[in-house]
Amino acid sequence: MTDSDPALDPSLFRQAMGRLVQGVSVLTTRYEGHDHAMTADTVTSVSLEPLLVLACVETESRWHDAVLECGVWGVSVLSADQRALSEWFATRGRPLHGQLDRTPFHRGARTGVALLDGAMTHLEVRTTSTLEAGDHVIVVGEVLGLGLPDTVGPALVHYRGRYGSIE
């Protein structure tokens with residue numbers, strides 16, 4: 001294949017990668033007294049020793065700038081009944097002030113970042129490294145704290161550009 005190969009079109013690439021079933025998370029951080037949040041479907045574990053996770057973040061996002069300055073972040077893995085929150089935190093141009101008013105949350109004990117109530121899992125993370133990757137940055141962080149509710153319902157997933165759920 002060459003660069004001019006139509007199979008390398010970015011929209012086809014998006015479709016191809018959309019065939020990977022992804023869990024849906026909301027990433028949060030707090031910078032200069034403001035909560036920042038965004039929906040992400042590219043969060044994954046990296047290492048068990050030490051506990052590391054990564055998230056891929058578009059460099060044009062407000063969350064990108066905030067997390068690079070703040071250095072700590074939260075991950076709330078969404079349940080199927082939190083689809084509206086995923087859509088809200090994926091909305092470009094939503095106001096920064098009060099963006100968490102639509103959902104109950106609590107502050108992480110180790111980082112102070114917002115963690116969404118009702119999520120399937122919470123992680124509190126401290127950034128350990130970043131890697132520029134095209135129009136995104138891969139943010140790697142050490143897990144400082146985690147929360148697993150005793151009971152969870154179906155997980156919210158993203159597949160072929162649509163939301164779904166699995167148990």
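I take a salt bridge to be a side-chain nitrogen of Lys or Arg within 4 Å of a carboxyl oxygen of Asp or Glu. The model is predicted, so I note that local features need pLDDT of at least 70 and side-chain atom pairs count only at pLDDT 80 or more, while totals for chains, interfaces and linings use all residues. I number residues from 1 along each chain as its sequence is written, and side-chain values use heavy atoms, with hydrogens and water left out.

**Entry 1: the chain as a whole**

I looked up the secondary structure and found 3 helices and 12 strands. Helices (H or I, at least four residues) and strands (E, at least two) are DSSP runs, numbered from the N terminus.

Along the principal axes, the C-alpha atoms fill a box of roughly 50 × 40 × 35 Å.

I then looked at burial, where buried means under 20% relative accessible area, exposed over 50%, and partly exposed in between (1.4 Å probe, protein chains only). Of the 167 residues, 38% count as buried.

For contacts I used heavy atoms within 4.5 Å. Among the contacts with a separation of 6 or more, 60% come from residues 24 or more positions apart.

The chain exposes about 9700 Å², and carbon and sulfur atoms supply 53% of that area. Accessible areas come from the Shrake-Rupley method with a 1.4 Å probe; for residues, only the protein chains shown count as cover.

**Entry 2: charges**

I found 13 positive and 21 negative side chains, with the centres of the two sets 6 Å apart. Lys and Arg count as positive and Asp and Glu as negative; His and the chain ends are not counted. Each charge is placed at NZ of Lys, CZ of Arg, CG of Asp or CD of Glu.

**Entry 3: salt bridges**

The structure holds 5 salt bridges.

Asp35 and Arg107 meet at 2.7 Å, N to O. Asp35 sits in strand S3 (residues 34-40) and Arg107 in strand S7 (residues 105-107), 72 residues apart, and the pair links distant parts of the chain. Asp35 counts as buried at 13% relative accessibility, whereas Arg107 is partly exposed at 34%. Arg30 joins Asp35 and Arg107 in a network of salt bridges.

Arg126 and Glu142 meet at 2.5 Å, N to O. Arg126 lies in strand S9 (residues 121-133) and Glu142 in strand S10 (residues 136-147), so the pair ties together parts 16 residues apart in sequence. Arg126 is partly exposed at 36%, and Glu142 is partly exposed at 25%.

Glu87 pairs with Arg83, the closest N and O atoms being 3.0 Å apart. Glu87 and Arg83 are 4 residues apart in helix H3 (residues 83-89), which means a separation of about one helical turn. An α-helix has 3.6 residues a turn, so residues three or four places apart point the same way. Glu87 is partly exposed at 36%, as is Arg83 at 41%.

**Entry 4: helix H2**

Which residues of helix H2 are buried? In H2 (residues 62-70) I listed Trp63, His64, Ala66 and Val67. The buried residues of H2 pack against strand S2 (25-31), S3, strand S5 (51-58), strand S6 (72-77), S9 and S10. Gly71 follows H2 and has a positive phi, near 85 degrees.
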